[in-house]
Amino acid sequence: MEKQKIVWLQVLNPAVKAEANKALPEGFEVFFPTSSTDTEEHDRLIEEADYLITQSIYVTGEQLRRAKHLKMIQKYGIGVDKIDCKAAEELNIPVCITAGANSVPVSEMAIGLMLAVNRRIPYVDKAVRAGQWPKAEMRAQCYMLQGKTIGLVGIGNIAKQVAKRLGGFDVKEIVYYDIFRLSEEKEQELHVRYVPLDELMAVSDVISIHVPLTDETRGMISAERIGMMKPTAILINTARGFIIDQDALIDALREKKIRGAGLDAFEEEPLSADSPLLALENLVLTCHHAGSVIDNVLPRAIHAYGNIEKFSHGEAIDPRDIIVKKH
């Protein structure tokens, strides 16, 4: 019997590819692109695919309309803003995610960025390597997490893990905003308190973004809301770049209206060599790799391949994973 074709629309490091394919179920074969930017290659692979696993490469409606064999799209992660889900629904191609699969590594990165910005770790590392010893300077500029108010914008799987891990830092309080408020019991379990978004922006010492990119969340951290922040506050984003008004954030950092920021996601990825973000010393930058850790590759692959295998056998997929349902 001919094997079904799974296309990973992502260029993977050989070690990552080997780890992921430990989870490949019987009856399937996998194919990978050789380039992240060769759209002709992507078009061909999508046209030949029975199943598509996507990560950070765009999947357009035009590509989906030519994909006559495609049965399902599986996101290796949770954000589907780079998949034309409207076209997928029109074409009756289900779209699934790996809900919760990234929550631990992304939560660790969010806290890592809080520490890196608060303690100016990249700046100090660079100075020490240059033969400097800025200890006295740092004593006047660094802050603890202990005793601070942490604001979580969004309270999904990742933010819940952030709240859980912050418990060991003896923070003063964790406040959150989400369009769906948690039950009182869950709030007590996580030691979090609901507040409106504008209040969160005003009272928090650290603000961490954990919402998906949608029409409603695009630009929600606007110039006006950045202006509500304390001058000593910092902003962390491990979600999507377009959630923040990037120009407004650049202005606030340049003018020291806020103390700093840590960004793992951007409007432009990768950043161009002339990006104004690169010149800001009160900003810590990473390369949208918060969920990219080798020891989470296999669990995520088991999750992604498991959904594909279930779909192929007509078995039920966890409703939390279903973004576009087959009709």
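This is a predicted model: local features need pLDDT of at least 70, side-chain atom pairs count only at pLDDT 80 or more; totals for chains, interfaces and linings use all residues.
Visitor: Let's start with helices H5 and H8. How close do the axes come, and at what angle do they cross?
Guide: The axes of H5, residues 103-118, and H8, residues 157-166, come within 8 Å. They cross at roughly 55 degrees.

Visitor: Parallel, perpendicular or oblique?
Guide: H5 and H8 are oblique to each other. The cut-offs put angles under 35 degrees as roughly parallel and 65 to 115 as roughly perpendicular.

Visitor: Which hand does the crossing of H5 and H8 have?
Guide: H5 passes H8 in a right-handed crossing.

Visitor: Which residues meet there?
Guide: From H5, Ser103, Val104, Val106, Ser107, Glu108, Ala110, Ile111 and Met114. From H8, Asn157, Ile158, Gln161, Val162, Arg165 and Leu166. By class, this contact has eight nonpolar, four polar and two charged residues.

Visitor: How many residues of H5 are buried?
Guide: Twelve of the 16, so H5 is largely enclosed by the rest of the structure. Among the buried ones are Ser103, Pro105, Val106, Met109, Leu113 and Asn118.

Visitor: What about the length of H5? What span should its 16 residues have?
Guide: At 1.5 Å a residue, H5 should span 22 Å. Its end C-alpha atoms are 22 Å apart, which agrees.

Visitor: And H8? Which of its residues are buried?
Guide: In H8, Ile158, Ala159, Gln161, Val162, Ala163 and Leu166 are buried. What covers them includes H5, strand E6 (149-153), strand E7 (173-177), helix H9 (184-190) and strand E8 (192-194).

Visitor: You mentioned E7. Which residues does Tyr177 touch?
Guide: Tyr177 lies in strand E7. Leaving out residues up to four places away in sequence, its contacts include Leu152, Val153, Tyr194, Val195, Pro196, Leu200 and Met220.

Visitor: How far is Tyr177 from Val195?
Guide: Their C-alpha atoms are separated by 5.7 Å. Along the chain, Tyr177 and Val195 are 18 residues apart.

Visitor: Met220 came up. What separates it from Glu29?
Guide: The C-alpha atoms of Glu29 and Met220 are 42 Å apart. In sequence the pair is separated by 191 residues.

Visitor: Where is Glu29, and what does it touch?
Guide: Glu29 sits in strand E2, residues 28-31. It touches Lys3, Gln4, Lys5 and Ile6, not counting residues up to four places away in sequence. Glu29 counts as partly exposed, at 28% relative accessibility.

Visitor: Backbone next. What follows H5?
Guide: Arg120, with a positive phi near 50 degrees. Arg120 is in the loop between H5 and helix H6 (121-129).

Visitor: What is phi at Lys256?
Guide: Positive, about 60 degrees, although Lys256 is not a glycine. Lys256 is in the loop between helix H12 (246-254) and E11. At 57% relative accessibility, Lys256 counts as exposed.

Visitor: Where is the cis peptide bond?
Guide: It joins Glu269 and Pro270, with omega about -5 degrees. Pro270 lies in the loop between strand E11 (260-263) and strand E12 (283-285).

Visitor: Now H13. Which residues are buried, and what do they pack against?
Guide: The buried residues of H13 are Val297, Arg300, Ala301, Ala304, Tyr305, Gly306, Asn307 and Ile308. They pack against strands E1 (4-9), E2, E3 (51-54), E4 (72-75) and E5 (95-96), and against helix H1 (14-20).

Visitor: How far does H13 reach, and what follows it?
Guide: Its 16 residues reach 22 Å from first C-alpha to last, close to the 22 Å expected. Gly314 follows H13, with a positive phi near 75 degrees.

Visitor: Last one: where is Ile294, and what does it touch?
Guide: Ile294 is in the loop between E12 and helix H13 (297-312). It touches Ala15, Val16 and Glu19, not counting residues up to four places away in sequence. Ile294 and Val16 are 278 residues apart in sequence, yet 6.8 Å apart in space, C-alpha to C-alpha. Ile294 is partly exposed, with a relative accessible area of 48%.

Conventions:
Residues are numbered from 1 along each chain as its sequence is written. Side-chain values use heavy atoms; hydrogens and water are left out. Helices (H or I, at least four residues) and strands (E, at least two) are DSSP runs, numbered from the N terminus. Buried means under 20% relative accessible area, exposed over 50%, partly exposed in between (1.4 Å probe, protein chains only). Contact means heavy atoms within 4.5 Å. Axes are lines fitted to C-alpha atoms, for helices over the stretch in contact, and angles run from 0 to 180 degrees between N-to-C directions. Angles under 35 degrees count as roughly parallel, over 145 as roughly antiparallel, 65 to 115 as roughly perpendicular and the rest as oblique. A crossing is left-handed if the near helix is turned anticlockwise from the far one by less than a right angle, and right-handed if clockwise. Ala, Val, Leu, Ile, Met, Phe, Trp, Tyr, Cys and Pro count as nonpolar, Asp, Glu, Lys and Arg as charged, and the others, Gly among them, as polar. The expected span of a helix is 1.5 Å times one less than its number of residues.
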